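Please read them with the model open.

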Amino acid sequence: MLDRLEPQAPDALLALIRLYAADPRADKIDLGVGVYRTEDGATPVFAAVKAAEQVLVDTQDSKSYLGPEGDMGMVAALMPYIFGADPTMGGRIQGMQTPGGTGAVRLALALAQKAGVKRVHMGVPSWPNHAQILADLGMELAPFDHANADGSANLDAVLAAINGAAADEAVLLHACCHNPTGIDYTAGQWARIADSFAASSTFPIIDAAYQGLGHGLEADGAGMREVLAKVPEAFIAYSCDKNFGQYRDRVGAFYVLAKEAGALDTAFSNANALARAAWSMPPDHGGAVVRIVLGDAGMTKAWLAELDDMRARMRGVRDALAAAGTAGRIDLTPLASQNGLFAMLPVTKDEVAKLREDHAIYMAASGRINIAGLTHANLPKFIAALAAVTG
Ligand code: LMR
């Protein structure tokens, strides 16, 4: 039977992790998978997470099953940060825990499909796994251009997608820190997007995987909240992998905005059934950690301070890249006004290969770089290599 399987290429982004690890060159630079790194190139466990883990060690008296919805204390504790002062919007929002942001996206799309959605409009380029999940579910992807050539977000394209979507179609947006471009909608653009959703009754699915890494928790959620305030229904896929640094512990949440509480109960009876069939229940450890951090004023303060430091460091790297002006034919100046971990450089696949082979610089074949892989120490080498390869 196994002879009937066709071999599949490994996920290109995850394959880079292995390639990088196997490279013996001491001055290698990893700009591949999206994890935050310090000025020393480390991805440390947050102090607040360590403190919460200690509390778990000391107090957890059972590892018995929860349920498909996971740690609902964590799900509720996150809501004020995501949805603001009225976190349930008058009882219209509910959530459940998922294995990472990927689990939340998977659940959002699977539930949309169960509710009759066949086609999803999405700005491209996007996180490659969005397309993979859609394909795996047998849903159709309707792509539009996310960005203009000048590095701004393409408002006309997203408005056309929202206004033109049929009743069995949805539009998937990134809440902030767009992956892979770093190009987010401005406040004015979000207002137009929200108005279009309201006028068209197109269904919004919002992927919020990087809240806090752009301009802060509040600012990074503002666009999404503007949409939610104006629509009857929406799905939100949330990740704590980056903003709590809990990547491998897989901490995510799936939220639904519905017209009223009864509709929420029905939606979650379906979401629970989908989760049960897919992963039964999410891993508990990271979710419990988030709940403990957010339930303790001191740990919350430490967490917010660490998030501020991460953001400031990434801003510093962006400013330093932009200050370099150009490297070869690449204009680095737009990077200063972009957000989050990622930026797209207009390099060819061959140039990406040359950067890897000749300069030990690892980045996605798409030209995406992880800003946090750059430090004051390796930035000059990166700029020089980019100039050499694209000049
Ligand atoms: C990334 O885009 O690098 C991250 O979201 C990690 C992943 O799962 O792809």
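The points below go from the ligand to the cavity.

1. Basis. This is a predicted model, where local features need pLDDT of at least 70, side-chain atom pairs count only at pLDDT 80 or more, and totals for chains, interfaces and linings use all residues. Numbering runs from 1 along each chain as its sequence is written, and side-chain values use heavy atoms, without hydrogens and water.

2. Shell. Around the ligand (a heavy atom within 4 Å) are Leu-13, Val-33, Gly-34, Trp-127, Asn-179, Tyr-210, Lys-242, Phe-342 and Arg-368. They split into 5 nonpolar, 2 polar and 2 charged; Tyr and Trp count as nonpolar, Gly as polar, Lys and Arg as charged.

3. Domains. The ligand lies between domain 1 (2-45 + 299-390) and domain 2 (65-295), because both give residues to its shell. The bounds come from an automatic or database domain assignment.

4. Polar contacts (N or O pairs within 3.5 Å). Ligand oxygen atoms lie 2.8 Å from a polar side-chain atom of Arg-368, 2.9 Å from one of Trp-127 and 3.3 Å from a side-chain N or O of Tyr-210. The protein covers 79% of the ligand's own 260 Å² of accessible area (Shrake-Rupley, 1.4 Å probe).

5. Cavity. There is 1 cavity of 30 Å³ or more: a set of points on a 1 Å grid over the protein atoms alone, where a 1.4 Å probe fits but cannot get out. Of 14 lining residues (an atom within 4 Å of a point), His-146, Leu-173, His-174, His-178 and Tyr-185 lie nearest the centre.

Conventions: A polar contact is a pair of N or O atoms within 3.5 Å; within protein, one must be able to donate a hydrogen and the other to accept it, and residues adjacent in sequence count only if both atoms are side-chain atoms. On a 1 Å grid over the protein atoms alone, a cavity is a set of points where a 1.4 Å probe fits but cannot get out, and a pocket is an open set with protein on both sides within 12 Å along at least five of seven lines; lining residues have an atom within 4 Å of a point. Grid points are joined across faces, edges and corners, and a volume is the space filled by probe spheres set on the points.
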